[in-house]
Amino acid sequence: MDAAIALTSAVALVGRFPVLAGVDLAMPKGSVTTVLGANGAGKTSLLRLLAGLQRLDSGSARVLGVDLARPERSYRRRVGLLAHDPGLYEDLTPQENLDFALHAVRLPVTATLPSLMRCGISGRLLNTPVKHLSQGQRRRVGLAKLLARRPELWLLDEPHASLDATTRILVGELVEEAASGGAMVVTTSHEPEYSVPMADLVVTMGGGVVIASERGGRHAS
Amino acid sequence: MTRRQLTKWVGVVSLAAAIADVWLGLWVTPPDVNQGDLVRLVYIHPALAWVALYLAFGVAAICSILYLWPRTRSFTMDRIAAASVEVGVVFTVLTLITGSIWGRPTWGVWWTWDARLTSTALLAVMFIGYLALRRVPSDPHVRARRCAIAAIIAAIDVPIVHFSVVWWQTLHQGATVLNPNLTPTIHGIMAWTLLLSFLAFTGIFVWMLLVRFDMAVLEDAGVDDGLESALIDRRAEGSSS
Amino acid sequence: MLRDARLIAARDLRIEMRSKVATWQVLPFAFLSLILFAFAIGPDPTLLKQTSPGLFWLSLLFASVLGTQRSLSIEGDGATREATRLLGIDPAGIFLGKTIALLIELAALEIVLLGGVLVFFHTQVSNWPLLISSLILAPIGLASASVIYGSVTTGLRSTATLLPLLVLPVLAPLLIAGARCFSVATGSRGNSAEWLGILAVFAGIYVLLGIVLYGPLEES
């Protein structure tokens, strides 16, 4: 197996608390992984580690050929993270937010409009400052930002939360498209009914380590 | 010799030197023709100022640069820098106090907008700011990096502050307060006492630095012991649920 | 680096154009502090004229602390800052961009304050080239030092109180040199070349420091 993500005994500390207490994980290119687990199991910390936002304190982690113990800045451009809070600029419109992100990662801004449209942001919403959007709309803008950036590694933190049925189906479609296009996808979830069918690998975390892993429903279906 | 013993001996020798300095300064050396007994402050004040303004903040600046330099990055540098600033602030305040005591009878006022006084006071405020920044709880790596940067910026500012204050002061008052007539001529036993005071206070600085550094190491050693058990506790959270 | 700087500066200025926080809060504050200084000193026109360089500069410094805090809050909360970090923007570019945006806001601040001093304190400028060059040089150092210290305190709980404590002592040479230039430009006797020199050296050093040190500040 050609592991595009390979973690061995990965430990990550926040202050003095080990959010990750020795994670072992291997995922091949073009795979979809769902991480399940109770609150505080370390799911979000795992995504943050993979995004290069959380320092690796011991163990080893290689992602997309990059050693996360000393990640270079360009690594971040290859990764897209949809966090609980999509982290948009409140005073800018969805379109300006996406244009800014695309300029920053040196991609053409022509991807902005189609991505927003695909995620159901159109018409009046395109030019409404983000602060006037609802929680669900913001998450859709965040999703559009990810789609427009086309990263090699998609990290989705509970992508199904606060979304309506249509958008949940959209999330499934986008994940499948990304994975069949060769990208890797890691999602965390509290809703196995949506996330398990779309995944190759289902990992359960607890106490900052992986406690179980099994096949998901992606290739079975 | 272990470092603990070294620390102890540095402390003993420096304190002995300081006591000898006090004895020489107060009883053995003669009073000055112009300043009388006031001149005895020369055996404390310049040595304090040397430790505060050059040694302590110089060490802090160098260690901060070494911390930021990836090859020499270690918490040792961060701890030395922090300990050095802490001790440095104490010496700076002592410098200002002894300077003020000297100034009152010499100049007739507790404080004057002399260039050295003013830049020393500003320096004290800058490094109190550094300590305030250290006290704010945050991730140890982040804190070390931010503090190192704050220390470097402040240290680079010191010469600029000095020059601007010197020019500012001379333009306003014309004459400097360090009147050459008041500077005592130093020779013989006075020179030796002065030299001893520099050695004694430098030794005390090194001793305090070592003690403070060892304290920081001990604090963090406790944390390292904690890591193994913290990992075990953390993993247990998963199996119990 | 310059490309990223332009991107960041455009973002900051666009957010300011839309939210107008600096326009409606920082500018009026600077103006207010001029009036309060006049109250503190008394209505004597000669005294006001004499103290106007210092009052101008103090108002500018205090307002610039507010401006810096606003510039920091543009970066948003933790989630927004992380989302921006994930774009892998060159830290030196971020520093330059934020400094340029703050510089433009400080220029507006200087114009308002200068107008206030000229009208209220009856200050007469005899040497415009000197005044203008000092008002161009000083904010470069002011903005870059503020942006560095701003990000030293970013994300800490006590940013609002820590920032002025850290940045104001470092800005002391600017206050001295700026106020001297101002008073020479408004008719006092004195040599201004060395003061302009200090302003230039300060600006150069802090722009360089920002470019070099912003990288380590921004990494995790």
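The model is predicted: local features need pLDDT of at least 70, side-chain atom pairs count only at pLDDT 80 or more, and totals for chains, interfaces and linings use all residues. Residues are numbered from 1 along each chain as its sequence is written, while chains are lettered from A and ligands numbered from 1 in the order in which they are written.

**The sheet of chain A**

In chain A, six strands form an open sheet with mixed pairing, in the order β6-β7-β8-β3-β9-β10. Helices (H or I, at least four residues) and strands (E, at least two) are DSSP runs, numbered from the N terminus, and two strands pair if DSSP finds at least two bridges between them. Because β6 (79–82) and β10 (209–215) of chain A each have a single partner strand, they stand at the edges, and one side of each is left without a neighbour in the sheet. On average, neighbouring strands of this sheet are turned by 20 degrees against each other, direction ignored.

Within the sheet, β3 (residues 32–37) and β8 (residues 184–188) of chain A pair in the parallel sense over four bridges. A:Val35 has A:Thr188 as its bridge partner in β8(A).

Two helices of chain A lie across strands of the sheet, as tabulated below. Angles run from 0 to 180 degrees between N-to-C directions, with axes fitted as lines to C-alpha atoms, for helices over the stretch in contact.

| Helix | Strands crossed | Angle |

**The contact between chains C and A**

Chain C has 17 residues in contact with 23 residues of chain A; contact requires C-beta atoms, placed from the backbone, to lie within 7 Å. On the chain C side, α1 (2–19) and α4 (78–85) are the elements that give two or more residues, and α1(C) gives the most, with six residues.

**Residues with positive phi**

Most residues other than glycine have a negative phi. A:Ser9, in strand β1 (residues 3–14) of chain A, has a positive phi near 45 degrees. C:His122, in the loop between α5 (91–120) and α6 (128–153) of chain C, has a positive phi of about 55 degrees.

A residue is buried if 20 or more other C-beta atoms, placed from the backbone, lie within 10 Å of its own, exposed if 12 or fewer, and partly exposed in between. A:Ser9 is partly exposed, with 14 other C-beta atoms within 10 Å, and C:His122 counts as exposed, with 12 C-beta neighbours inside 10 Å.
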